[in-house]
Amino acid sequence: MATADQLLPDVTDGKGSKPQPNRITPGDKQPRAHEIPRVTNWSILPTVAGGAARRMARPGPEGRLLLKHLWIEAKRHSAPNLRNVRVDEISGLKEITVTGGVSRYCHLVLGALAKLLACRTIFEIGTYRGEASWLLAHNIPDVHLWTLDLPDLEAADHMTFELTDRDEYFTHWERGARYAGTPEAARITQLFGDSGTFDFSPYKGKMDLVYIDASHSYSYAKSDTEAALQLLSPGGTVVWDDYTYYPGLFAYLNELAATLEPPIVHILDTRLAVYSRKRWLR
Ligand SMILES: C[S@@+](CC[C@H](N)C(=O)[O-])C[C@H]1O[C@@H](n2cnc3c(N)ncnc32)[C@H](O)[C@@H]1O
């Protein structure tokens, strides 16, 4: 069994060694190399562990945030059927550059992936402000993107399945505001409807990428995914956003992953899960 020494990564010399006392005597002109004070993870463990415990014990947003992140990490590393891949395991991604705001890192990875996979037709389920729609259209000059959202605020009262994030997305209406009036808008078609009842048939078999980012309940994850798989072109790809956040989506994708070949993978350090009929991993 591994000892705590082996489990804790070392931030200084990579050997995981415990801190050594600094023995500089008054006669020494300068410390010898092995006497230079070193800080390892062992040195900072009491501060980190104590600080984390205090933060979680104290009521308030900081403690909740820490718990949320711990929970997300626990989920991504315990997922029964989704393999985790690092961004650098995606063949050729290093050479791709994309432009976009840094606040949504996942959008940058999504844009780079869509560019890498040479996607020309994209269907997005869940437009909201159109941040992802704009980024994709902006970075892939020959793409056409169809993006589906509900027709108005009132639609939230008549959903086919379980709606998530009602408080966040249904207080005001600015669907597509990010791309409205930009040159990219000419290559973005806004569609309206509930994805649970929308007629996807005109797009069947035609989409190089389907990006699912609407309601993240189990029931909508299942319904949107079943529609997405129908939309895919022969080398098509499905990307799910928020895989690490929502329990329904997490549960559904882990069920589905057991039945799909090639497998669905999760890109570490993002919220994205990906299924692609193209060869895209090393
Ligand atoms: C997370 S936001 C989308 C963010 C956007 N994809 C982006 O990355 O910029 C979710 C959006 O999905 C929409 N939505 C939720 N359930 C839906 C459904 N069943 N059909 C269509 N749109 C839905 C909401 O109105 C909201 O605008």
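**Overall picture**

What share of the 282 residues of the protein chain count as buried? The share is 34%, where a residue is buried if 20 or more other C-beta atoms, placed from the backbone, lie within 10 Å of its own.

This is a predicted model, in which local features need pLDDT of at least 70, side-chain atom pairs count only at pLDDT 80 or more, and totals for chains, interfaces and linings use all residues. Residues are numbered from 1 along each chain as its sequence is written.

**Confidence**

The predictor's confidence in each residue, pLDDT, runs from 0 to 100. The protein chain has an average pLDDT of 91, and 88% of the residues score at least 70. Over residues 11-17, however, pLDDT stays under 50. Where pLDDT is low, the predicted coordinates should not be read in detail.

**The ligand shell**

The ligand is surrounded by 19 residues, and the closest are Gly126, Tyr128, Glu131, Ala132 and Ala214.

**Aspartate 149**

Aspartate 149 lies in strand E3. Aspartate 149 counts as buried because it has 23 C-beta neighbours inside 10 Å.

Not counting residues up to four places away in sequence, aspartate 149 touches Gly126, Thr127, Tyr128, Arg175 and Phe192, a contact being two C-beta atoms, placed from the backbone, within 7 Å. Tyrosine 128 is 21 residues from aspartate 149 in sequence, and their C-alpha atoms are 7.1 Å apart in space.

Conventions:
A residue is near a molecule or strand if its C-beta atom, placed from the backbone, lies within 6 Å of it. Helices (H or I, at least four residues) and strands (E, at least two) are DSSP runs, numbered from the N terminus. A residue is buried if 20 or more other C-beta atoms lie within 10 Å of its own, exposed if 12 or fewer, and partly exposed in between; C-beta atoms are placed from the backbone.
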